[in-house]
Amino acid sequence: MDIPITPPLQVDGAEIVIGASIGAALVPDGAADIDSLLKCADLALYRAKQSDKGTFRWFEAGMDMRQRERRALEIELRGAEIDREFELHCQPIIRTQTGKLRGFEALLRWQNPRRGMVSPADFIPIAEETGILDELGRWVLAMACREAATWPRDLVLSVNVSPVQFRKGNLVGAVGLALAGSGLEAHQLEIEITESVLLAESSTNLAILKQLRSLGVRIALDDFGTGYSSLSYLRQFPFNRLKIDRSFVREIVQCPESLAIVRAVIGLGTSLGIDTTAEGVETVAQLEALRAEKCGELQGFLFSPPVARKSVASIIGAYFEETSRLA
């Protein structure tokens, strides 16, 4: 919950609430001198801002170590050679009712020379905060489109796009270049966004989404149900796909509330003519529950983890060979 520092203000008919995040440190637990104490409080404030808006954090001894580690990772990320250190992995997307291969989601991996494989959960937030993700995103688009151009024409490539790429203002051009440079058909490319794209500068970003749609590119709303999930987004823009977050899929069998949410999202999509994809499918029980709810597509370790590009051809071959055998 936000910490209000003023009563709500009315500006042009809209209610504005000014909040604050707070970080604090104590003597002597945090530090013994003023400069060190301020540094510790600043670290606590940084952690409060990372956690959420309007939160409060006390300084903890481990914060300094974590901040040093984060700074070291940022320096390595800035100096990374993209073509040598980054890899494109792909995870299959499966049609629920037929079991056929629908396509792949492209995922970025970092093989750091010193650390080995770095988790996307560690480097993606840093890349977003520093703006590096714009360059990485353009690289992913170009590489993924070239890879997908070698697939059968009825397969779709799904690529995640960050709010950073929207803010830079050249996303439509980057997508156009990736398509032109690869020869991939526009309808084979699906751009995935999260609700955070629409929360900031929504009118501008909606205009960008419409430009992408005018190219023939498909648009998916990722992690649907975990953020604000405003239905006005679905009214303002005709998404091609809603992706149901893995947190609901994980508990769909044992939690009636999760099942109800999944059912509602699928029903909403059906009513609006929007396909649905469930992420994080790991068990046969989850598969059967989603099949019973008529979810359109599935993605998860039950079928395959994300694999390196060199393994994609064998997955395509296996699915198409199976289809030919059953035909």
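Is aspartate 275 buried, partly exposed or exposed? Aspartate 275 is partly exposed, with a relative accessible area of 38%; buried means under 20% relative accessible area, exposed over 50%, and partly exposed in between, for a 1.4 Å probe and protein chains only.

1. Basis of the values. This is a predicted model, in which local features need pLDDT of at least 70 and side-chain atom pairs count only at pLDDT 80 or more, while totals for chains, interfaces and linings use all residues. Residues are numbered from 1 along each chain as its sequence is written, and side-chain values use heavy atoms, with hydrogens and water left out.

2. Overall composition. The protein contains 14 helices and 16 strands; helices (H or I, at least four residues) and strands (E, at least two) are DSSP runs, numbered from the N terminus. Of its 327 residues, 43% count as buried. Among contacts with a separation of 6 or more, 64% are between residues 24 or more positions apart, where contact means heavy atoms within 4.5 Å.

3. Salt bridges around aspartate 275. A salt bridge is a side-chain nitrogen of Lys or Arg within 4 Å of a carboxyl oxygen of Asp or Glu, and the count by this rule is 21. Salt bridges with shared partners join Arg95, Arg102, Glu190, Arg218, Arg241, Asp275 and Glu297 into one network.

4. Two further pairs. Lysine 243 forms a salt bridge with glutamate 105, and the closest N and O atoms are 3.3 Å apart. Lysine 243 belongs to strand E13 (residues 241-244) and glutamate 105 to strand E8 (residues 101-112), so this pair ties together parts that are 138 residues apart in sequence. Both lysine 243 and glutamate 105 are buried. Arginine 84 and glutamate 81 form another salt bridge, with 3.1 Å between the closest N and O atoms. Here arginine 84 is exposed, at a relative accessible area of 63%, and glutamate 81 is partly exposed, at 43%.

5. Helices H5 and H7. Helix H5 (residues 132-148) packs against helix H7 (residues 171-182) at an angle of about 25°, with the axes 8 Å apart. Axes are lines fitted to C-alpha atoms, for helices over the stretch in contact, and angles run from 0 to 180 degrees between N-to-C directions. H5 and H7 are therefore roughly parallel to each other; angles under 35 degrees count as roughly parallel, over 145 as roughly antiparallel, 65 to 115 as roughly perpendicular and the rest as oblique. The contact involves Arg138, Leu141, Ala142, Cys145 and Arg146 of H5, and Leu171, Ala174, Val175, Ala178, Leu179 and Ser182 of H7. By class, this contact of H5 with H7 has eight nonpolar, one polar and two charged residues; Ala, Val, Leu, Ile, Met, Phe, Trp, Tyr, Cys and Pro count as nonpolar, Asp, Glu, Lys and Arg as charged, and the others, Gly among them, as polar.

6. Helices H7 and H9. H7 also packs with helix H9 (residues 202-214), at an angle of about 20° and with axes 9 Å apart. H7 and H9 are therefore roughly parallel to each other. Leu171, Val172 and Val175 of H7 meet Ile208, Gln211 and Leu212 of H9. The contact of H7 with H9 has five nonpolar, one polar and no charged residues.

7. Helices H4 and H5. The axes of helix H4 (residues 120-130) and H5 come within 5 Å and cross at roughly 115°, and H4 and H5 are therefore roughly perpendicular to each other. Ile124, Ala127, Glu128 and Thr130 of H4 make the contact with Ile132, Leu133 and Leu136 of H5.

8. Two buried positions. Glutamate 147, in helix H5, is buried, with a relative accessible area of 15%. Beyond its neighbours within four places in sequence, glutamate 147 is in contact with Arg309 and Val312. Valine 249, in helix H11 (residues 246-250), is buried with a relative accessible area of 0%. With neighbours within four places in sequence again left aside, the contacts of valine 249 include Ile244, Ala278, Val281 and Leu290.
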